[in-house]
Amino acid sequence: MAEPFFLKPYFQEKIWGGTKLHDVFGYELSSDKTGECWAISAHPHGPSTVANGPYAGETLDEVWAKHRDVFGNAKGDVFPLLTKILDAEADLSVQVHPDDPYAAEHEHELGKTECWYIIAADPGAELVYGHTAKTREQLADMIHQEDWQDLFVHVPVKPGEFYYVPSGTIHALGKGIMALETQQSSDTTYRLYDYDRVDAKTGKKRELHIQPSIDVTNVPFVAPKLDVQTKQVGTSTLTTYVKAPYFSVYQWRVQGELALERQTTPYTLASVIDGQGQLTVDGQTYPLSKGQHFILPFAVKQWQLSGDLQIIASEPGVKA
């Protein structure tokens, strides 16, 4: 299959969601509280659907299960990555995700290491990113005392920034942030604090997961140091944000023409977050525009991009 395949996203309603996925990307939404676009997903809670080619109409998990050669016969029971776009119309709950061993034992799925590329952020927008506790005992004490103001680390955020969020990191997107998230294909979240919000549908506060949060949080918090590298290729720019065990994440900033080729990874995921242009593979040209998502499978070794495009791309890491 020496051609890309494009994907139809799956949308998730969230208590903190809004309408920007329609307003900014033009997606058709069924709710004005849509928080997540599961753009490239094989997770059973929201698989995306192939829109073109011989597998049109199949979900990504079906293609992974039945046509593993498309992905270079990559190993693993589940497609390992998940790409989302998040619209935080309100603050997300403060949460933490488990690593692979804990998630396998307690949730029977992958752990969740993730990262964010900040597409947009209102003035004054903040993340929760880390905590101040020095020991697990101190962490537990501060949580049980609900000393949130002293426990959580708040970080101002601007468009164009990138944050790596390993499993065990206390974190939350704040109100007014839109982000593209690259993560392990997991839907396990331990909610630590939710601002005492009441779910309008149930009339109750959402469930918290205090003990699992204490169990899986990395103590002390050490912010990851990233070696972000940018290089100019003609009139275009390639940025490597992270090369991590579960994924590598890049930005392709195309202005004019850009030729790329895969080195060692079996497939590449790509999301157009701004602009328009064209993708050419094996002599065939595909129009690209903001909000499209596609996979370059194993058979695609080289491709060309042209136009004015901003693309966030990812590839599986050695642990994926």
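## Ground rules

Helices (H or I, at least four residues) and strands (E, at least two) are DSSP runs, numbered from the N terminus. This is a predicted model, where local features need pLDDT of at least 70, side-chain atom pairs count only at pLDDT 80 or more, and totals for chains, interfaces and linings use all residues. Residues are numbered from 1 along each chain as its sequence is written, and side-chain values use heavy atoms, leaving out hydrogens and water.

## Ser-93

Ser-93 sits in the loop between β5 (81-88) and β6 (94-96). Ser-93 counts as buried because its relative accessibility is 4% (buried is under 20% relative accessible area, exposed over 50%, partly exposed in between, with a 1.4 Å probe and protein chains only).

Leaving aside residues up to four places away in sequence, Ser-93 touches residues including His-171, Tyr-193 and Arg-206 (contact means heavy atoms within 4.5 Å).

## Backbone exceptions

Most residues other than glycine have a negative phi, and most peptide bonds are trans. The bond from Val-219 to Pro-220 is cis, with omega near -10 degrees. Pro-220 lies in the loop between α6 (210-216) and β16 (229-233).

Glu-146 has a positive phi, near 55 degrees. Its loop runs between α4 (136-144) and α5 (148-151). Glu-146 is exposed, because its relative accessibility is 56%.

Asp-196 also has a positive phi, near 55 degrees. Asp-196 is in the loop between β13 (190-193) and β14 (198-199). At 52% relative accessibility, Asp-196 is exposed.
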